[in-house]
Amino acid sequence: ADHAWMSILGFLGAEELRDPAQVPAAERERMPRLSASRVRVLRQVAGSRIRWRLALGATPHLRFTPLAPERSCDITLEVSVAAPGRQPRPLHRQPVPRRHQPAPAAVTLDLSAWSGREIELRFAVAPAVGPAEGGGECVALWASPQVWSRARAPGEPAVRAAPARPNVLLIGADTLRADALGAYGRRPSPTPALDALAADADLWLHAHATFNVTNPSFASILTGLYGKEHGVYDLKTPLPQAVTTLAELFAAAGYATHAVLSAQHLGPHNSGLDQGFAAMQLATGTSAAELAVEQAIDWLEQPRDDPFLLWLHLFDPHTPHSPPRPFADGMRPAHPPGIEPVWGWSPFRPPGPRAPDEPFLAGERDLYLGEVAYLDRQVGRLLAYLGSRGLLASTVVAFVADHGENLGEHGVLYRHAGLWDTTTHVPLMVRWPGPPRRGRRLGGLVQTHDLFPTLLNAAGIDPPPSSARDLRQLTGRGRSGRQAVFSEHADGIGASVRTRRFRYTELAEGGLVAAGTYLYDLHLDPGEAANLAGSGHPEETRLAALLARWRAGATPAAPARNLSDEEAAQLRALGY
């Protein structure tokens with residue numbers, strides 16, 4: 001029947017992540033719901049059957065995640081396969097899950113018995129036993145249903161020819177600390193795919209964000225400017241049209257440009273960062289990493305002769321922390337599986353379930369790492385896809401985070417307030433085109449907006465003058481990086497200067513962190529726990545003068561727009 005199924009966006013986890021009993025009534029009224037991020041969902045009515053005819057390649061498999069429906073029902077999912085002229089062969093049967101958090105693990109079904117053949121794939125939902133809880137229709141939810149093959153199926157496009165100029169893939173992760181990655185020293189590592197990327201890439205050990213908040217940080221990365229130069233300090237002020245962006249320069253050079261965003265507040269209505277992108281896929285609320293990666297792959301599959309610039313923003317691991325199982329239970333793929341199924345898992349922490357310890361934001365330290373591990377799995381899928389299409393050898397792959405996160409340090413839980421290494425020290429790596437080569441781990445201070453001239457130069461495009469510098473000119477071959485890096489605080493309430501040994505910060509009233517001056521000796525106090533400001537330390541005077549000279553070039557802030565009530569509620573749900 002026409003109403004038997006529909007394609008929707010659903011939540012990879014619970015629609016309400018908080019325990020109402022732990023959240024004060026006033027907060028529940030201010031922020032009525034805190035949901036998991038969204039994924040593509042096939043919604044199928046009980047008692048119906050859907051059939052597809054598919055031509056399979058080699059080593060094919062089917063993957064989906066069974067989600068709890070809006071109303072609990074006693075129904076069963078069934079998957080079967082039929083070769084032409086043959087009776088269907090049952091492959092999988094399970095009850096539809098009840099309400100749950102976290103989302104269950106994905107189901108992977110081996111289709112290799114039909115490699116290279118045409119099949120009919122069937123999804124069925126058995127008729128319900130009794131009515132739905134609360135009345136209404138009984139439905140099943142199949143999240144991210146996909147059939148993958150290792151090799152090409154008949155009619156699929158061939159491996160792409162390398163363009164004359166390199167493609168550029170810019171992956172920007174939200175709220176990701178450098179020390180959450182195995183490549184930056186975490187053991188056991190939750191990030192086998194990013195560790196493998198780092199092994200082939202230049203990795204900057206001491207990269208720092210220009211901001212501690214998303215929109216201004218990406219505005220800097222995409223323009224090569226500090227906030228004091230582009231004027232964006234919050235999540236509602238669009239980048240001025242007069243500012244030239246990375247995408248505008250690539251588009252003018254004949255590149256196909258595209259962006260996939262995982263957070264609604266990063267869209268053009270709030271950020272103005274659509275400048276130069278031929279198209280920008282926006283999020284409804286927030287997208288889970290698997291949805292954003294699927295959207296990126298869909299775009300990459302389109303035939304084109306021109307090289308491309310693709311900006312992919314991944315919201316994970318921002319609060320709320322709601323990774324699906326088994327990532328939520330402390331497990332990650334034993335090896336980077338790429339687009340292959342994950343057949344073996346390894347712990348990156350003592351395994352077991354975790355519950356949020358901050359009820360308003362639904363945050364928890366181990367669940368944060370679960371989000372990191374989940375993001376890593378999706379990045380691995382994308383990179384393996386590029387390799388399968390012959391694109392990796394002709395593509396510059398840059399991975400960076402917009403800012404870090406406090407996980408209890410400095411008395412702050414799951415908010416990126418303040419300017420410390422916890423909020424500014426981020427991963428930054430670039431894999432250059434060509435066959436795999438041994439990666440380099442580069443010392444010296446650099447800034448995330450240094451990617452701007454780096455990517456332009458890599459594509460043979462002359463970068464305009466800016467405060468950013470090509471990373472390859474800053475580090476390596478005896479070059480020691482910047483003498484100091486600067487970071488600005490959200491809403492323009494302060495700024496920080498960091499040298500190799502010291503950090504000095506000035507904050508005004510208006511944030512979660514107490515106003516005042518802060519000075520840390522990072523050699524003696526790497527955790528930035530002992531504030532030396534006001535103690536007479538000679539570095540305080542020197543760094544205060546250096547920060548004042550740097551800030552003196554500040555430009556007027558760009559005009560902010562007024563948020564709708566819905567937009568304001570969405571930002572409150574993210575802790576802003």
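Biologist: Across which strands does helix H10 lie, and at about what angle does it run to S17?

Modeller: In this predicted model, helix H10 covers residues 451–458 and lies across S10, S17, S18 and S19. Of these strands, S18 is made up of residues 428–431. Relative to S17, the helix H10 runs at about 175°.

Biologist: Which strands stand at the edges of the open sheet of eight strands?

Modeller: The open sheet has the order S13-S12-S14-S10-S17-S18-S11-S19, and its pairing is mixed. From one strand to the next, the twist averages 15°. Each edge strand has a single partner strand, so one side of each is left without a neighbour in the sheet, and these edge strands are S13 (279–281) and S19 (440–447).

Biologist: Within that sheet, which residue of S17 is the bridge partner of Leu169?

Modeller: Strand S10, residues 167–173, and strand S17, residues 395–401, run parallel and are joined by seven bridges. For Leu169, the bridge partner in S17 is Val397.

Biologist: How are helices H7 and H8 oriented to each other, roughly parallel or roughly perpendicular?

Modeller: Two packed helices are described by the angle between their axes and the distance between the axes. For H7 (residues 289–300) and H8 (residues 365–388), the axes come within 9 Å and cross at roughly 10°. Because angles under 35 degrees count as roughly parallel, the orientation of H7 and H8 is roughly parallel.

Biologist: How do the residues of the contact of H7 with H8 divide into nonpolar, polar and charged?

Modeller: On the H7 side the contact is made by Ala289, Glu290, Val293, Glu294, Ile297 and Leu300, while H8 contributes Tyr374, Leu375, Gln378, Arg381, Leu382, Tyr385 and Leu386. The division of these residues is nine nonpolar, one polar and three charged.

Biologist: How far apart are the end C-alpha atoms of H7?

Modeller: At 1.5 Å a residue, the twelve residues of H7 should span 16 Å. The computed separation agrees with this expectation, since the end C-alpha atoms of H7 are apart by 16 Å.

Biologist: Does Ser80 count as buried or exposed?

Modeller: Ser80 has its place in strand S5, residues 76–82. Leaving aside neighbours within four places in sequence, Ser80 is in contact with Pro88, Arg89, Pro90, Leu91, Glu120, Leu121 and Arg122. Since its relative accessibility is 15% and the cut-off is under 20%, Ser80 counts as buried.

Definitions and conventions: Residues numbered from 1 in each chain as written. Predicted model: local features only at pLDDT ≥ 70, side-chain atom pairs only at ≥ 80, totals over all residues. Heavy atoms only, no water. Helix = DSSP H or I, 4+ residues; strand = E, 2+ residues; numbered from the N terminus. Buried < 20%, exposed > 50% of the residue type's maximum accessible area, 1.4 Å probe, protein only. Contact = heavy atoms within 4.5 Å. Axes fitted to C-alpha atoms, helices over the stretch in contact; angles between N-to-C directions. Parallel < 35°, antiparallel > 145°, perpendicular 65-115°, else oblique. Nonpolar A, V, L, I, M, F, W, Y, C, P; charged D, E, K, R; others polar. Expected span 1.5 Å × (residues − 1). Pairing = 2+ DSSP bridges.
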